[in-house]
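Here's a quick briefing on charged side chains that pair up. Have a look at the model first, then read on.

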Amino acid sequence: MLLGISGSLRKEATNRKLIRAAAALYGTDYTEADLNLPLYDGDLETEHGVPAAVATLATQIAQAEAVIIATPEYNQSLSGVLKNALDWVSRTDGAPWRNKPVAIMAAAAGRAGGARATYALRLAMVPFRPRISAGPELLLAASAQQFDDTGMLTNDLALKTLTEAMDTLRHEARSQF
Ligand SMILES: Cc1cc2nc3c(=O)[nH]c(=O)nc-3n(C[C@H](O)[C@H](O)[C@H](O)COP(=O)(O)O)c2cc1C
């Protein structure tokens, strides 16, 4: 199973469209994470433990053969929604990210296509010791203009990069190391 994580919650999120396009190219059964989680709060954790939705997310990560994360760029960094999810998952047992093949990408309005957000996301992932894919890393600039009404990625160059990225990720996920 391939797990897709969009760092943007909105229904029409271009990051969601991007992970769906990536998943279609990867070609295995696909699950999409729900990052609509409560804000991390130590009191909530002490009183109620880790929320069920966080436990579900941690299990999905642990069971995935690979994970695709697409983040929007918010003020030159990853989204708070995504960082909140990473912090929550770090409070679960079992180190679900450890050695997990992970492809990082971004869809953003700006011309840099979220380059700074993916760097920030790479740094945010360091504590969890995943296997970040060798890439290529897709940075989708002007993301609102890159999909048609059915959610298909219409940018040929981006499609080529994404195809290569998914071929690499699949190879990494299925090879011994
Ligand atoms: C709070 C906020 C900050 C943003 N900062 C940036 C930015 O630094 N660079 C950029 O390229 N776009 C920035 N944007 C625009 C987002 O890239 C754009 O909204 C993007 O499409 C969001 O992804 P989505 O379509 O998946 O929701 C910002 C948007 C918001 C709401």
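What follows is a rundown of salt bridges in this predicted model. Side chains of opposite charge can pair when their charged atoms come close. Counting such pairs here gives nine salt bridges, and a few of them are picked out below.

**Arg-16 and its partners**
- Arg-16 and Glu-32 form a salt bridge through their side chains, with an N to O distance of 3.3 Å.
- This one ties together distant parts of the chain: Arg-16 is in helix H1 (residues 14-26) and Glu-32 in strand E2 (residues 30-32), 16 residues apart.
- Arg-16 counts as buried because its relative accessibility is 14%, under the 20% cut-off.
- Glu-32 sits at 22%, so this residue is partly exposed.
- Arg-20 belongs to the picture too: salt bridges with shared partners join Arg-16, Arg-20 and Glu-32 into one network.

- Arg-174 and Glu-65 meet in a salt bridge, 2.9 Å from N to O.
- The two are 109 residues apart: Arg-174 is in helix H6 (residues 156-174), while Glu-65 is in the loop between helix H3 (52-63) and strand E3 (66-71).
- Arg-174 is partly exposed, at 47% relative accessible area, and Glu-65 is partly exposed as well, at 24%.

**A pair inside helix H6**
- Arg-170 makes a salt bridge with Asp-167, and their closest N and O atoms are 3.2 Å apart.
- Both residues lie in helix H6, three residues apart, or about one turn of the helix.
- Asp-167 has 37% relative accessibility, so it counts as partly exposed.

Note on methods
Residues are numbered from 1 along each chain as its sequence is written. This is a predicted model: local features need pLDDT of at least 70, side-chain atom pairs count only at pLDDT 80 or more; totals for chains, interfaces and linings use all residues. Side-chain values use heavy atoms; hydrogens and water are left out. A salt bridge is a side-chain nitrogen of Lys or Arg within 4 Å of a carboxyl oxygen of Asp or Glu. Helices (H or I, at least four residues) and strands (E, at least two) are DSSP runs, numbered from the N terminus. Buried means under 20% relative accessible area, exposed over 50%, partly exposed in between (1.4 Å probe, protein chains only).
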